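Reader: I've got a model with a ligand open on my screen, and I'd like to learn how to read its surroundings. Can we go through it together?

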Amino acid sequence: MNYCTDIRSIFNTLGVPLPSEEPKGFEVFSPVDGRLLGQVAASSQAQVSAAVAVAHQRFLAWRAVPAPKRGELLRAFGETVRQHKEPLGRLITLETGKILQEGLGEVQEVIDICEFALGLSRQLYGLSIASERPEHKLLETWHPMGVVGIISAFNFPMAVFAWNAALALVCGNTLIWKPSEKAALSAMALSGLLLQSARNMGLDEHGLVAVAQGESVTGKALVDHPDVKLISATGSSAMGRSVAMACAPTFKRTLLELGGNNAAIVCPSANLELVVRGVVFSAAGTAGQRCTSLRRLLVHRSVYADLLKSLLKVYGSLPVGDPLKEGVLVGPLIDQAAFDAMQKALKQAKDMGATVHFGERLTLGDAKAFYVRPAIVEFDAQKGPMLQETFAPILYMTAYDDFDVAIAMNNAAAHGLSSSVFTQDLREAEVFTSALGSDCGIANVNIGTSGAEIGGAFGGEKETGGGRESGSDTWKAYMRRATNTVNYGTSLPLAQGIKFDL
Ligand code: UN1
């Protein structure tokens with residue numbers, strides 16, 4: 001049996017076939033109870049190469065399809081995903097351990113970006129610019145790039161692919177997707193639905209999207225292939241660095257959305273009830289395994305004790321457990337490595353004199369499932385593990401006295417993804433979101449650091465990689481820009497007034 005019953009029944013409902021023969025690949029386990037979900041065949045380098053060749057051929061035709069027609073594929077795909085929201089959300093939960101509500105929320109992101117891409121398919125516009133020459137027209141036109149390689153992480157196994165795929169397809173590109181080997185089944189399901197949508201519309205689905213399964217060596221085959229024109233990668237900064245270095249010699253385009261060590265500043269005027277809700281969702285939600293998870297809480301000394309008391313009370317009784325069960329708010333960590341990294345950071349903090357609350361393993365279910373009570377760690381200053389991103393539910397807390405110092409502390413992290421300020425003081429809110437404030441790609445006011453909508457550009461600065469995905473004008477990253485100067489006169493005046501008479 002290659003796949004467990006739950007997985008077979010989900011794929012059955014979706015109408016996506018599972019490979020029938022015994023794949024000799026890697027195993028995918030559920031963090032929920034440690035059980036084997038399935039075995040997936042890893043793609044060889046030759047298979048990746050062959051898939052890129054097919055995707056390149058398909059691109060040559062796809063780029064000629066009018067963008068609003070390409071948009072219809074995203075409309076169909078979005079509708080199919082909407083119909084299957086529940087089993088898809090369940091699959092995400094089984095494979096990543098995030099609670100079902102969050103699994104469903106992730107599927108909603110897929111639906112939302114498809115709708116966004118459909119609208120966008122009629123708005124891929126360029127500029128017309130005043131030419132300095134008589135009877136000349138100066139234009140910007142946007143064109144598809146070719147095969148786009150998408151590398152995604154385990155923690156958002158569907159939404160991150162969809163942000164990239166929806167825009168890249170509407171822009172006229174074709175795709176090869178290298179998902180995390182920990183979330184291989186979500187990738188099979190979602191890519192299967194995309195192909196199914198294309199087929200149902202009477203489109204040739206071959207080459208529109210292919211999945212390259214496996215570990216980083218599979219990703220490398222994709223990154224190194226000369227016919228892959230853009231690599232959009234989501235994951236750790238270490239992974240992003242190796243992608244960037246591999247792409248540098250040929251100047252291959254990259255779009256990097258890497259980690260975050262996100263902070264929130266709590267000011268004296270903040271509504272503490274709202275702070276607690278925002279902080280707990282961002283810090284403990286998804287078991288601290290979002291790139292946008294809140295990791296550092298910088299609290300004005302005047303409200304520190306009150307806030308700590310409320311947070312300890314909530315953390316002490318947070319429902320941790322089976323993520324499919326209603327009422328549970330925190331599921332398991334993805335695997336033992338995540339648990340070990342968390343315990344290592346907590347030990348390091350303790351050794352440095354920090355006060356550690358909670359963070360212990362909870363014995364729920366199988367020995368191979370890693371459930372923890374999210375931790376709160378009090379430091380007297382920002383230091384040690386507080387300045388590292390540990391992909392686990394650890395909330396570091398420290399007090400500040402001066403708002404400008406708090407902003408400097410926010411900006412002292414190596415990453416620059418998300419940040420927020422909780423305040424009722426207009427000046428503090430404005431400063432935080434101004435050039436003098438947060439240096440992150442996301443700077444929020446009176447909400448947590450996680451849970452962004454798809455309509456905005458998503459990504460960040462510094463070791464977060466600089467790329468932007470999802471909404472706003474990020475579609476431009478999936479196209480190449482051409483400047484066109486058209487002479488509709490009968491003479492040849494040169495720019496800058498240069499005389500070059502023959
Ligand atoms: C991620 O963790 O890689 O803003 C993406 C959020 C989600 C996406 C997170 N919409 O938290």
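This is a predicted model: local features need pLDDT of at least 70, side-chain atom pairs count only at pLDDT 80 or more; totals for chains, interfaces and linings use all residues.

Reader: Okay, which residues are around the ligand?

Author: Glu-109, Asn-155, Phe-156, Trp-163, Glu-257, Arg-290, Cys-291, Thr-292, Ser-450, Gly-451, Ala-452 and Phe-458. By type, this shell splits into 5 nonpolar, 4 polar and 3 charged residues.

Reader: And which domains supply at least three residues each to the shell?

Author: Domain 1 (5-258) and domain 2 (262-445) each do that.

Reader: What about polar contacts? How far is a ligand oxygen from the side chain of Arg-290?

Author: A polar contact is a pair of N or O atoms within 3.5 Å. Here, a ligand oxygen sits 2.8 Å from a side-chain N or O atom of Arg-290. On its own the ligand has 320 Å² of accessible area, and the protein covers 99% of that.

Reader: Now the protein itself. Where should I look for nonpolar side chains?

Author: In soluble globular proteins, they tend to be buried together. The largest nonpolar core in this model has 69 residues. Among those with the most contacts inside it are Ile-7, Phe-77 and Phe-161. Helix α6 (residues 159-170) gives the largest share of this core, 11 residues.

Reader: Why does this core lie between domain 1 (5-258) and domain 2 (262-445)?

Author: Because both domains give residues to it.

Key: Residues are numbered from 1 along each chain as its sequence is written. Side-chain values use heavy atoms; hydrogens and water are left out. A residue is near a molecule or strand if one of its heavy atoms lies within 4 Å of it. A polar contact is a pair of N or O atoms within 3.5 Å; within protein, one must be able to donate a hydrogen and the other to accept it, and residues adjacent in sequence count only if both atoms are side-chain atoms. Accessible areas come from the Shrake-Rupley method with a 1.4 Å probe; for residues, only the protein chains shown count as cover. Ala, Val, Leu, Ile, Met, Phe, Trp, Tyr, Cys and Pro count as nonpolar, Asp, Glu, Lys and Arg as charged, and the others, Gly among them, as polar. Domain bounds come from an automatic or database domain assignment. A nonpolar core is a set of buried Ala, Val, Leu, Ile, Met, Phe, Trp, Tyr and Cys residues joined through side-chain atoms within 4.5 Å. Buried means under 20% relative accessible area, exposed over 50%, partly exposed in between (1.4 Å probe, protein chains only). Helices (H or I, at least four residues) and strands (E, at least two) are DSSP runs, numbered from the N terminus.
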